[in-house]
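Take a look at the model below. We will walk through it one piece at a time, from strands to a helix to rings.

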Amino acid sequence: MRTEISTRRTSRPLRRPVVLAAAALLVSATATACGSDTGTSGTSPGAGLPGTPSTEGTSGGTTGGDTATPGRGGSTGPGTPRTTPPTPAPSTAPTTPGGAQRQVRASVYFLHGEKVSPAPRTVTPPATAAGALRALLAGPNRYERGHGRTTAIPSGTTLHSIVVRHGVATIDLSGRYDDGGGSLSMQARLAQVVFTATRFPSIEKVRFELDGKPVTSFGGEGIVLNRPVGRADFEDLAPLVLVESPLIGDSIRTPVRVWGSANTFEATFKLKITDAAGRTAGDIYVTATSGSGTRGTFDVTIPYKARRSGAGTLTAYWNSLEDGHAVIEDTVPLTVGR
C-alpha cells in the first residue's frame, strides 16, 4: 500500500504536529499492509484457506495408467459384464468449502456363509481403491458381524501398495495374508480382495504380491496365481444372486432401485422386501440378462408399501421346481422407510 504524506506547510507553528501525525499515519499503514493475514472477513491468519490435498503413490495408493473410481461394474470377463463405463478419478482429492476432503462411497466384500457379500464404506479420493482395500482388511463392524458377515482374511494383514495399469491392479499385501486356513479359506480371502478391487470400473483383474514378491502359487493348497484373476475365476464363491445395491445397513424408500448380478436357472428369480412389522411390502419377479451357467446383470425398481418403518430385509430367492417352497439365496438387512 502506498501512503502519500503532504509536507506543505500552512503556518509555521503547525509544522511539528503535522510531521508527528504523518509519521503515525505511516506506521499505521505499514502495519496494516504487512502485519496481518486477515481479510475483509476478519478471520485469523490462515483460517479458511483450504490446504493442498495430498495424493498417494505406490505405497498404498493408486498409480499407473489407470485410476480407480468407485461405481457399478467390475470385471468385464465372463460372468461379470460391465454395466456402466469407467469414470475418471480427479487428479487431486476434492475439498468441501470448509477445506475437508470429500468422502465417496465404496463397497468391500466380506463373507455371508461361504459366499461374498458387499458392505458399504466411505473412502477419500483419489486413492479410493487403496482406501477400500484397507477397509476390507479391517474386517466387518459389529452391526455386520451381528448379521452373519465374516472374513477369511487373517487379522493383521496390511496393504503395501496397489498399482493399476491397463485394467489390472497389482496388489501387494503383507505376508500375513497367506497364513493358515484350508482350501476354502484361501479361495475366499482371494475372492474378497478380487471382488473389492473389481468393484471399481477401471479394474478388471488382480495380480497378487506378498511383501513385494509376485505370487504364482498361493498358500499351502498351492492355488495357481500365475496370471491376473477376475471375478469369473471365483464364480463358486459368489451367491447365485449377488445384490450390489442396496447394501447391508442402507436406508431405503419406495420405490427402491436394486441392481447386481445373477446366475440362476433361466435367469429368473424373485426379490422381496419385508418391512419392520415382518410383512411382505413388495415381491417381484426379476429376469437377469443371462443365466443357467452364465452370470448376467439385473437392474430393477421395486415399488413397495411398508406398514411400519424400521429394520427390514431384502431377500433374493426363487421357488423350488419340485414343491414350490422358497429357496433363499441371500438376505440384505436394511432400514425400510415408507
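**Strands, a helix and rings**

Strand 14 (residues 268-274) and strand 15 run antiparallel to each other and share seven bridges. This is a predicted model, in which local features need pLDDT of at least 70, side-chain atom pairs count only at pLDDT 80 or more, and totals for chains, interfaces and linings use all residues. Residues are numbered from 1 along each chain as its sequence is written, and side-chain values use heavy atoms, with hydrogens and water left out.

Some terms come first. Helices (H or I, at least four residues) and strands (E, at least two) are DSSP runs, numbered from the N terminus. Two strands pair if DSSP finds at least two bridges between them. Strands of a sheet pair through backbone hydrogen bonds, either parallel or antiparallel.

Find Lys270: Tyr285 in strand 15 stands opposite. The charged end of Lys270 also sits over the ring of Tyr285, 4.6 Å from its centre. For such a contact, NZ of Lys or CZ of Arg must be within 6 Å of the ring centre and within 35 degrees of the ring normal. Lys272 lies over the face of Tyr317, with 5.6 Å to the ring centre.

Move on to strand 13 (residues 256-262). Six of its seven residues are buried. Buried means under 20% relative accessible area, exposed over 50%, and partly exposed in between (1.4 Å probe, protein chains only). Strand 13 pairs with strand 11 (residues 241-245) in the antiparallel sense, over four bridges. There, Val241 has Ala262 as its bridge partner. Strand 13 also pairs with strand 16 (residues 296-302), again antiparallel, over seven bridges. Here Gly260 stands opposite Phe298.

Rings of Phe, Tyr and Trp (its six-membered ring) pair if their centres lie within 6.5 Å; planes under 30 degrees apart count as stacked, over 60 as edge-to-face and the rest as tilted. By this rule there are four aromatic pairs. Tyr109 and Phe195 form a tilted one, 5.7 Å centre to centre, with 50 degrees between the planes. This pair links distant parts of the chain: Tyr109 is in strand 2 (residues 104-112), Phe195 is in helix 4, and they are 86 residues apart. Tyr109 is buried, because its relative accessible area is 0%. Phe269 and Phe298 form an edge-to-face pair, 5.1 Å centre to centre, with 70 degrees between the planes. Phe269 lies in strand 14 and Phe298 in strand 16, so this pair ties together parts 29 residues apart in sequence.

Last comes helix 4. How far apart are its end C-alpha atoms? They are 22 Å apart, which agrees with the 21 Å that its 15 residues should span. That expected span is 1.5 Å times one less than the number of residues. Eleven of the 15 residues are buried, so helix 4 is largely enclosed by the rest of the structure.

Thr196 lies in helix 4 (residues 183-197). Is Thr196 buried or exposed? Thr196 is buried, because its relative accessible area is 0%. Among the residues that Thr196 touches are Tyr109, Ala132 and Leu136; touching is contact, with heavy atoms within 4.5 Å.

Terms used:
Lists of a residue's contacts leave out its neighbours within four places in sequence.
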